[in-house]
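My entries follow in the order in which I looked.

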Amino acid sequence: SQVMDRVGDLDLEVVSAFTRGVSTTECNQEPALLKEVQANPDSFGPNHALGIFYFGRGEFAASIDYLQKAYATKPEDSDNSRALALAFIGAKQYSAAVSFLELIAERGNQPPVLLRLLAIAYEASGNSLKSVAQYVRAADLDRGAENSFDCGIGLLGLGAADEAAKVFASATITHPASAKLWMGLGIAQDLLKHKSDAIRALLRAVSVDQEYLPPYSFLAGLSGSSPETDTQIRNVLAVLVVAQPESAMAHYDYALALS
């Protein structure tokens, strides 16, 4: 349960990253944006801009109206489609989000980010099996480090540790210098109760990037799994405490390993 709590924190970071790419507009720009839409009601640009404005304010229902008009004018614009899907999800219109994203997915040649959004929409609507399938599909389409990590964390959040382990195992071969991917593999192996493999992957994550902190907590949670690796875990966490003496989490993790 502690591992899944930490996975939930990572999953939240991944989901919040979707909105970082959606630009926002100053609040006092609303009259000008509305005027532009009134002057050009069937134009992509004004409708998209006003939809993004309302999205940034959390007014998802209003955002959907204008983003849908923009989509009707320019359905090939992936940024508008992503914003519209996020607006559906933000408004808790999960069925609408699924229907919209399924329509896009059927066309093929879509960016994996939209497939990951479809996975989130499936999960929110209670269809975990389809959510897992979309994460796997997105991971197959883009084997880049960032997409692989996001898909793997999504799978872990769904409890699909076996599928996540396959994604991370493949990704660490392609991107051996990614601490995040080694950490993901370690988490998946831990959930699969492959403790020795989990420890090796997490130790690799730390060796690749000693300043990336999340793997340390997962390592601390595995202390006591094997006498052969307990010393390694303690030594790694001791080094972290020395390097970051003011970090409460570093001290906690070291104490956990010593207990």
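I began with contacts along the chain, a contact being heavy atoms within 4.5 Å. Among contacts between residues at least 6 apart in sequence, 50% join residues at least 24 apart. This is a predicted model, in which local features need pLDDT of at least 70 and side-chain atom pairs count only at pLDDT 80 or more, while totals for chains, interfaces and linings use all residues. Residues are numbered from 1 along each chain as its sequence is written, and side-chain values use heavy atoms, with hydrogens and water left out.

**Overall make-up.** I noted 15 helices and zero strands in the chain. Helices (H or I, at least four residues) and strands (E, at least two) are DSSP runs, numbered from the N terminus. Of the 259 residues, 45% are buried. Buried means under 20% relative accessible area, exposed over 50%, and partly exposed in between (1.4 Å probe, protein chains only).

**Core.** Which residues have the most contacts inside the largest nonpolar core? I found Phe100, Leu101, Leu117, Phe168, Met183 and Leu219, in a core of 68 residues. Helix H7 (residues 112-124) gives the largest share of this core, eight residues. Apart from it lies another core, of six residues, including Leu33, Leu50, Phe53 and Tyr66. A nonpolar core here is a set of buried Ala, Val, Leu, Ile, Met, Phe, Trp, Tyr and Cys residues joined through side-chain atoms within 4.5 Å. In soluble globular proteins, nonpolar side chains tend to be buried together.

**H6 against H7.** I looked up the axes of helix H6 (residues 94-106) and H7, which come within 9 Å and cross at roughly 145°. Axes are lines fitted to C-alpha atoms, for helices over the stretch in contact, and angles run from 0 to 180 degrees between N-to-C directions. The crossing of H6 and H7 is left-handed, that is, the near helix is turned anticlockwise from the far one by less than a right angle. On the H6 side the contact includes Tyr94, Val98, Leu101 and Glu102, and on the H7 side Leu114, Leu117 and Ala121 are among the residues. By class I have 13 nonpolar, no polar and one charged. Ala, Val, Leu, Ile, Met, Phe, Trp, Tyr, Cys and Pro count as nonpolar, Asp, Glu, Lys and Arg as charged, and the others, Gly among them, as polar. Leu101 touches Ala85, Leu114, Leu117, Leu118 and Ala121, not counting residues up to four places away in sequence.

Helix H3 (residues 44-56) has 13 residues and reaches 18 Å from its first C-alpha to its last, close to the 18 Å expected at 1.5 Å a residue. The expected span is 1.5 Å times one less than the number of residues. I counted H3 as mostly covered, with 10 of its 13 residues buried; His48, Ile52 and Phe55 are among them. Gly58 follows H3 and has a positive phi, near 80°. The axes of H3 and H5 come within 11 Å and cross at roughly 35°, and this crossing is left-handed. Phe44, His48, Ile52 and Phe55 of H3 meet Asn80, Ala83, Leu86 and Ala87 of H5. The classes in this contact are six nonpolar, two polar and no charged residues.

**Ser81.** Is Ser81 buried or exposed? Ser81 is buried, at 2% relative accessible area. It lies in helix H5 (residues 78-90). Leaving aside neighbours within four places in sequence, Ser81 is in contact with Tyr71, Pro75, Phe100, Ile104 and Leu114.

**Leu202.** I found Leu202 in helix H12, buried at 1% relative accessibility. Its contacts, leaving aside neighbours within four places in sequence, include Trp182, Met183, Phe218 and Leu219. Leu202 and Ile233 are 31 residues apart in sequence and 9.6 Å apart in space, C-alpha to C-alpha.

**Positive phi.** Most residues other than glycine have a negative phi. I noted Lys92, with a positive phi of about 60°, in the loop between H5 and H6. Lys92 counts as exposed at 63% relative accessibility. Lys193 has phi near 70°, also positive, and lies in the loop between helix H11 (179-191) and helix H12 (195-208). Lys193 is exposed, with a relative accessible area of 67%.
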